Amino acid sequence: MKYKRFIVIFFSSIVVFAFIPRIYRSYEKITKLNIELISLKEKKDTLNENIREYERDIKNLDSEFYREKLVREKLKMVKPGEKIYKVLIK
């Protein structure tokens, strides 16, 4: 009877010491993956916002005013002979 308890306790302790570190490592991996998932979701949201912005820009390309504004601001283009003044505010 004593030997059976000893054997059960011995094998139980072996199982506990064998699997606890693996369970802990798995928990750490899950935590890291959850953090990475949150980061990727944030990047996805940012990219979706950029896509909506570009789609809005594409729709506005039909407007002559918007095309000129886009060329002047993003491409830094000017009309021939045009002078550009920069206002400095202190």
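Glu64 is exposed, with a relative accessible area of 52%, where exposed means over 50%, buried under 20% and partly exposed in between (1.4 Å probe, protein chains only). The side chain of Glu64 meets that of Arg67 in a salt bridge, at 2.6 Å from N to O. The model is predicted, so local features need pLDDT of at least 70 and side-chain atom pairs count only at pLDDT 80 or more, while totals for chains, interfaces and linings use all residues. Residues are numbered from 1 along each chain as its sequence is written, and side-chain values use heavy atoms, with hydrogens and water left out.

**Overall form**

- The chain has two helices and zero strands; helices (H or I, at least four residues) and strands (E, at least two) are DSSP runs, numbered from the N terminus.
- Helix α1 comprises residues 2–60, and helix α2 comprises residues 64–74.
- The radius of gyration of the chain is 32 Å, whereas a compact globule of 90 residues would have a value near 12 Å. This radius is taken over C-alpha atoms, and the globule rule is 2.2 Å times the number of residues to the power 0.38.
- Along the principal axes, the C-alpha atoms of the chain fill a box of roughly 105 × 35 × 20 Å.

**Surface and charge**

- Of the 90 residues in the chain, 2% are buried.
- The chain exposes about 9,500 Å², and carbon and sulfur atoms supply 65% of that area. Accessible areas come from the Shrake-Rupley method with a 1.4 Å probe; for residues, only the protein chains shown count as cover.
- The chain has 22 positive and 13 negative charges, and their mean positions are 14 Å apart. Lys and Arg count as positive and Asp and Glu as negative, while His and the chain ends are not counted; the place of a charge is taken as NZ of Lys, CZ of Arg, CG of Asp or CD of Glu.

**Nonpolar patch**

- Tyr3, Phe6, Ile7, Phe10, Phe11 and Ile14 make a nonpolar surface patch of about 690 Å². Patches are made of residues with over 30% relative accessible area and no salt bridge: like charges are joined within 9 Å, and nonpolar side chains (Val, Leu, Ile, Met, Phe, Trp, Tyr) within 5 Å.
- Phe10 lies in helix α1 and is partly exposed, with a relative accessible area of 41%.
- Ile7 also lies in helix α1 and counts as partly exposed at 43% relative accessibility.
- The C-alpha atoms of Ile7 and Ala18 are 16 Å apart in space, with the two residues eleven apart in sequence.

**Salt bridges**

- The structure holds two salt bridges, each defined by a side-chain nitrogen of Lys or Arg within 4 Å of a carboxyl oxygen of Asp or Glu.
- Side chains of opposite charge can pair when their charged atoms come close.
- In helix α2, Arg67 and Glu64 are separated by about one helical turn because they are three residues apart. Arg67 is partly exposed, with a relative accessible area of 36%.
- In the other pair, Arg52 forms a salt bridge with Glu49, and the closest N and O atoms are 3.1 Å apart.
- Arg52 is partly exposed at a relative accessible area of 45%, and Glu49 is partly exposed at 36%.

**Separations along the chain**

- Lys2 has its place in helix α1 and counts as exposed at 73% relative accessibility. The C-alpha atoms of Lys2 and Ile35 are separated by 49 Å, with the residues 33 apart along the chain.
- Leu33 is also in helix α1, and its 54% relative accessibility counts as exposed. From Leu33 to Glu68, 35 residues apart along the chain, the C-alpha separation is 46 Å.
- Asn60 belongs to helix α1 and is partly exposed, with a relative accessible area of 32%. Asn60 and Leu70 are ten residues apart in sequence and 9.8 Å apart in space, C-alpha to C-alpha.
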